[in-house]
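Have the model open beside you as you read.

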Amino acid sequence: MDCGTDENQHGHGGRGGGGDVSEWKKVAELRAVVEAQDPASKEEDDFVLRRFLRARDHNIGRASVMLLQYLSWKRGAKPHGSISYDEVRDEIAKERVQIQGFDRLGRPMVYLYGARHFPARHDLDNFKRYCVYVLDKICSRLPVEHEKFAAVIDLKGWGYSNCDIRGYVAGLNIMQSYYPERLGQVFLIHVPYMFMAAWKMVYPFIDERTRKKIVFVADRDLDATLHDAIEESQLLEEYGGKLKL
């Protein structure tokens with residue numbers, strides 16, 4: 001489970017605080033390999049490259065493949081540099097996601113409400129754009145000393161009408177492939193028994209690094225678990241904290 005303090009990041013292309021000399025040397029090697037194949041990689045700072053390097057266990061060959069795929073995806077998914085509010089207005093209106101407060105490690109908290117998602121009411125491509133929009137919003141909230149966020153996925157009221165294997169897999173793929181080393185930890189709470197059938201179908205698509213960050217929280221442990229991870233002043237009122245939406 002990844003509960004350690006995230007490394008510092010200071011400025012575009014900087015190397016302040018975090019990462020040893022050998023790791024930064026590998027970042028430089030990765031940059032040389034990728035820039036030779038895609039000059040657009042020059043726009044990505046060293047911390048982006050480091051995340052891709054870490055996601056592939058510092059294997060430059062595997063990291064370069066992953067990074068080149070990201071650059072190609074980025075040109076198609078965000079041709080103007082970002083997803084605008086107007087492009088995903090209808091998805092935002094469903095209020096499936098709240099970004100509010102920070103955990104005890106200073107990582108932004110994201111709350112996702114599974115029972116507000118209805119696959120029959122969305123187009124998969126629009127949903128993918130929404131996922132990118134949300135992830136970019138989360139990353140924009142990251143304090144300078146952190147690279148990761150934490151999340152609570154609340155499945156209270158979730159039923160078969162909310163089940164969306166295609167959507168879940170698409171969202172996972174976007175996060176794992178194009179936003180590596182951004183997720184610090186995720187708590188699944190109020191998990192209904194019927195959700196486990198969907199979980200078994202999604203589980204094979206979750207990479208090992210992500211699996212280690214997922215915690216299923218039993219109802220009896222919910223209060224203690226959330227208060228252990230999040231200070232009362234930063235925890236939403238609906239979960240026993242003092243933070244208002």
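The structure holds zero disulfides, a disulfide being a pair of cysteine sulfur atoms within 2.5 Å. Cys131 is in no disulfide, and its nearest cysteine sulfur, which belongs to Cys139, is 13 Å away. Cys139 is likewise in no disulfide, with the sulfur of Cys131 as its nearest at 13 Å. Are these cysteines buried or exposed? Cys131 has a relative accessible area of 13% and is therefore buried; Cys139, at 17%, is buried too. Here buried means under 20% relative accessible area, exposed means over 50%, and partly exposed lies in between, with a 1.4 Å probe and protein chains only.

Before going further, a word on the source: this is a predicted model, in which local features need pLDDT of at least 70 and side-chain atom pairs count only at pLDDT 80 or more, while totals for chains, interfaces and linings use all residues. Residues are numbered from 1 along each chain as its sequence is written, and side-chain values use heavy atoms, with hydrogens and water left out.

On a 1 Å grid over the protein atoms alone, a cavity is a set of points where a 1.4 Å probe fits but cannot get out, whereas a pocket is an open set with protein on both sides within 12 Å along at least five of seven lines; lining residues have an atom within 4 Å of a point. Grid points are joined across faces, edges and corners, and a volume is the space filled by probe spheres set on the points.

How many cavities of 30 Å³ or more does this rule give? The count comes to two. The largest cavity has a volume of about 830 Å³. It is lined by 32 residues, and those closest to its centre are Leu112, Ile153, Tyr168, Gly171 and Leu172. Two or more lining residues come from each of β2 (108-113), α5, β3 (149-154), α6 (165-178), β4 (183-189) and α7 (195-202), where helices (H or I, at least four residues) and strands (E, at least two) are DSSP runs numbered from the N terminus. Helix α5 supplies the largest share, six residues. By class, the lining of this cavity has 26 nonpolar residues, five polar and one charged; Ala, Val, Leu, Ile, Met, Phe, Trp, Tyr, Cys and Pro count as nonpolar, Asp, Glu, Lys and Arg as charged, and the others, Gly among them, as polar.

Next comes the largest pocket, with a volume of about 360 Å³. Among its 18 lining residues, Val48, Arg51, Tyr70, Cys139 and Arg182 are the closest to its centre. The elements giving two or more residues here are α2 (46-55), α3 (60-77) and α5 (124-140). Helix α2 gives the most, four residues. The lining of this pocket divides into nine nonpolar, two polar and seven charged residues.

Helix α5 is also the place of Asn126. With 29% relative accessibility, Asn126 counts as partly exposed. Leaving out residues up to four places away in sequence, Asn126 touches Val88 and Glu91, contact meaning heavy atoms within 4.5 Å. The C-alpha atoms of Asn126 and Glu87 are separated by 8.2 Å, although these residues are 39 apart along the chain. The side chain of Asn126 also makes a polar contact (2.2 Å) with the side chain of Arg129; such a contact is a pair of N or O atoms within 3.5 Å, and within protein one must be able to donate a hydrogen and the other to accept it, while residues adjacent in sequence count only if both atoms are side-chain atoms.

Our last stop is Thr210, in helix α8 (residues 208-211). Thr210 counts as buried because its relative accessibility is 8%. Beyond residues up to four places away in sequence, Thr210 touches Met175, Gln176 and Leu183.
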